[in-house]
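This briefing reviews the pockets, the aromatic contacts and a number of individual residues of one protein model. Please consult the sequence and the structure shown here alongside the text.

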Amino acid sequence: MLEKTSDNNTREVYSFIEKVRNNQKINIKEFRKVMPIVQEMFVNHEKSMVGKQFDDHNPLEHSFGDGLYIRKIFMPAGQLMVTKIHKKKHPYFVLKGECDVVSEDGTQKVKGPYNGITLPGTQRLIYVREDTIWITVHATDKTDLKEIEEEVIAKDFSDPLLKLK
């Protein structure tokens, strides 16, 4: 459990969690400031799954169309995850399952079948309530997964493509 302390990061995360609990819209600057802290907390948590362990638990399928990369992930129920930061606008599809999705727009319950658009700068905190299949589609002529990730995923919110106006 997260407790209030004098530590600035902890206070900011606590305030963020309270807004999420109350389904309040989160200011984009606040969201972009807090999410790297939340992500670091996840990565450093003793029960956290990262790298190969995460990939093994959440299997991916990659396919390609003319100028398209399609990424399909199976996410088992009961996990909390932080997504990567998206650089480009693209569609996504939830084929089955149910998730609580936190973004700068607040909390949204997503239940498949569902589709939406991911905007540049989007990062999500997702609680997977039911086994879920989530597909994203990205416009690219690349077929190398590392090159695709460099093209569509930002390392952090300081990426020039994600500048706030």
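A pocket is an open set of grid points, on a 1 Å grid, with protein on both sides within 12 Å along at least five of seven lines, and its volume is the space filled by probe spheres set on the points. By that definition, the second largest pocket holds about 350 Å³ of space. The model is predicted. The points below take the pockets first, then the aromatic cluster, then residues in loops and in a helix.

**Second largest pocket**

- A total of 22 residues line the second largest pocket, and those nearest its centre are Ser103, Glu104, Asp105, Thr122 and Arg124.
- Helix 2 (28–44), strand 5 (90–103), strand 6 (106–111) and strand 7 (114–118) are the elements that each give two or more residues to this lining.
- Sorted by class, the lining of the second largest pocket comprises 10 nonpolar, seven polar and five charged residues.

**Largest pocket**

- The largest pocket has a volume of about 1600 Å³.
- Its lining consists of 47 residues, and Phe54, Leu80, Met81, Val82 and Thr83 are the closest to the centre of the largest pocket.
- Strand 8 (residues 125–139) contributes six residues, the most of any element, to the lining of the largest pocket.
- In the lining of the largest pocket, 29 residues are nonpolar, 10 are polar and eight are charged.

**Aromatic pairs and the ring cluster**

- Three aromatic pairs are found in a search of the whole structure.
- One of them joins tyrosine 92 to tyrosine 114 in a tilted arrangement, with 6.2 Å from centre to centre and 40 degrees between the planes.
- Because tyrosine 92 belongs to strand 5 and tyrosine 114 to strand 7, this pair ties together parts that are 22 residues apart in sequence.
- Tyrosine 92 has a relative accessibility of 5%, and it therefore counts as buried, a class that covers values under 20%.
- Tyrosine 114, at 28% relative accessibility, counts as partly exposed, since that class lies between the 20% limit for buried and the 50% limit for exposed residues.
- Tyrosine 92 also pairs with tryptophan 134, and this pair is stacked, with 5.1 Å from centre to centre and 15 degrees between the planes.
- The pair of tyrosine 92 in strand 5 and tryptophan 134 in strand 8 links distant parts of the chain, 42 residues apart.
- Tyrosine 92 and tryptophan 134 are both buried.
- Through these ring pairs, Tyr92, Tyr114 and Trp134 are linked into a cluster.
- The side of tyrosine 92 also faces a charge: arginine 124 lies over the face of its ring, at 4.8 Å from the ring centre.

**Loops among the strands**

- Threonine 122 lies in the loop between strand 7 and strand 8.
- With a relative accessibility of 12%, threonine 122 counts as buried.
- A polar atom of the threonine 122 side chain lies 2.7 Å from the backbone oxygen of leucine 119.
- Which peptide bond is cis, with omega near 0 degrees? It is the bond from glycine 112 to proline 113.
- Most peptide bonds are trans.
- Proline 113 is located in the loop between strand 6 and strand 7.

- Valine 13 is part of helix 1 and is buried, with a relative accessible area of 2%.
- The C-alpha atom of valine 13 is separated by 9.5 Å from that of lysine 33, 20 residues apart along the chain.
- Isoleucine 26 is found in the loop between helix 1 and helix 2.
- Is isoleucine 26 buried or exposed? Its relative accessible area is 2%, so isoleucine 26 is buried.
- A separation of 16 Å lies between the C-alpha atoms of isoleucine 26 and phenylalanine 157, 131 residues apart along the chain.
- Asparagine 27 is likewise in the loop between helix 1 (8–21) and helix 2.
- Asparagine 27 is partly exposed, with a relative accessible area of 45%.
- The C-alpha atoms of asparagine 27 and phenylalanine 16 are separated by 9.8 Å, and the two residues are 11 apart along the chain.

Notes
Residues numbered from 1 in each chain as written. Predicted model: local features only at pLDDT ≥ 70, side-chain atom pairs only at ≥ 80, totals over all residues. Heavy atoms only, no water. 1 Å grid on protein atoms, 1.4 Å probe; cavity = no way out; pocket = protein on both sides within 12 Å on 5 of 7 lines; lining within 4 Å. Helix = DSSP H or I, 4+ residues; strand = E, 2+ residues; numbered from the N terminus. Nonpolar A, V, L, I, M, F, W, Y, C, P; charged D, E, K, R; others polar. Buried < 20%, exposed > 50% of the residue type's maximum accessible area, 1.4 Å probe, protein only. Phe/Tyr/Trp six-rings, centres within 6.5 Å; stacked < 30°, edge-to-face > 60°. Lys NZ or Arg CZ within 6 Å of the ring centre and 35° of its normal. Polar contact = N/O pair within 3.5 Å; in protein donor to acceptor, adjacent residues only side chain to side chain.
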